[in-house]
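Subject: The model we talked about

Hello,

Here is the structure I promised to pass on.

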Amino acid sequence: MKKAVKIIIEIVLLVVIVFLVDAIVKSVMKPVNFNKEKAVRETVAIQRLKDIRTLQVAFKSVNGRFTSSIDSLKDFYNNGEMGIVMQVGSMDDSVAVAHTEKIKKASRKKMTGEDFLKLYEAGDKNLVFSVETKIPVKDTLFLRRDNFNVDSLSTIPYSGGAPVLMEAVVKTVSGVQVPLFEAKMPYKLLLKGMDNQLRINLDCERRDQNRYEGLQVGSITAPNNNAGNWE
C-alpha cells in the first residue's frame, strides 16, 4: 500500500514538474516569439511605408505639394505622368558638340531641346542635347518590383484592413513654406492578434523614449527629409 502511494506521489510530482517546466519555457519563449513575429510584420509594413514615400515624393515633384489621400497617390500612379530629362548624345563627342553649336549660332531663335528633338527625329543624329519629356508614372516607378500592388498601400498589413494614417500640410519653417507629410501604422493595429500585454508594454516603452508607438515615415511637425522612424 505504501509503495502504491509512493508511486502515485512520484507520478503527481513528475506531472507537476513537467507542467512547471512547460510553463517556464512558454514564459521565456513568449517575448522571443513576439519579437520574431513583430519583425516579420515590421518588414512588410516598412516596405509599404517606403512605397508611400516614393509615391509622395514623385507626387510632390509634379504637383508642388504632398497629398493626405492614399486614393490620390493611387490615381497618380495609375494615371499620372512625370517629367524626365532625356539626354541625347554625349558631351565627349566633340564632332557632335561642334555640329550642335553650329546649328545654335545659325538659328534666328533660341534653340530648345524640343527643337533639337525634331531635328533628331528628322534624321540628324549628330547632335548633343537634353529635352524634358513626360512618361506615365507606371513606366517610371517600381519597375523592378514584380510584387508591387498599389492597391495595398491604403491598408496596414495584418490589421484586418485598417487604413494607413496619413496627413499632409504646408508649414512655415524659417519663413519658408515647406510641404510636409507623414504616414503612420500604430502597433495597436500592425500587431493585432498578437499578445496584447506585450504590445501594451512595447507602446509604454516607446512613449517613455518619446518615440511614436508604431512605424512612421515623414513628419508634419518638423522637417525630417521624409525619414522613417526605423532608419
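Glu-42 counts as buried, at 14% relative accessibility (buried means under 20% relative accessible area, exposed over 50%, and partly exposed in between, with a 1.4 Å probe and protein chains only). Before going on, please note that this is a predicted model, where local features need pLDDT of at least 70 and side-chain atom pairs count only at pLDDT 80 or more, while totals for chains, interfaces and linings use all residues. Residues are numbered from 1 along each chain as its sequence is written, and side-chain values use heavy atoms, with hydrogens and water left out.

The partner of Glu-42 is Lys-38: the two form a salt bridge whose closest N and O atoms are 3.3 Å apart (a side-chain nitrogen of Lys or Arg within 4 Å of a carboxyl oxygen of Asp or Glu). Lys-38 is buried too, at 16% relative accessibility. Because they are four residues apart in helix H1, about one helical turn separates Glu-42 and Lys-38 (helices are DSSP runs of H or I with at least four residues, strands are E runs of at least two, and both are numbered from the N terminus).

The structure holds 10 salt bridges. Another one joins Glu-231 to Arg-53, with 3.1 Å between the closest N and O atoms. Glu-231 lies in the segment after E5 and Arg-53 in helix H1, so this pair ties together parts that are 178 residues apart in sequence. Glu-231 is exposed, with a relative accessible area of 56%, whereas Arg-53 is buried at 16%.

Leaving aside neighbours within four places in sequence, the residues in contact with Arg-53 include Phe-181, Val-217 and Gly-228 (contact means heavy atoms within 4.5 Å).

Asp-115 is buried, with a relative accessible area of 13%.

Now to the backbone. Most residues other than glycine have a negative phi. Asn-210, however, has a positive phi near 60°; this residue is in the loop between helix H6 (196–208) and strand E5 (214–218). Asn-225, in the segment after E5, also has a positive phi, of about 60°. Asn-210 is exposed at 72% relative accessible area, and Asn-225 is exposed at 73%.

Best wishes
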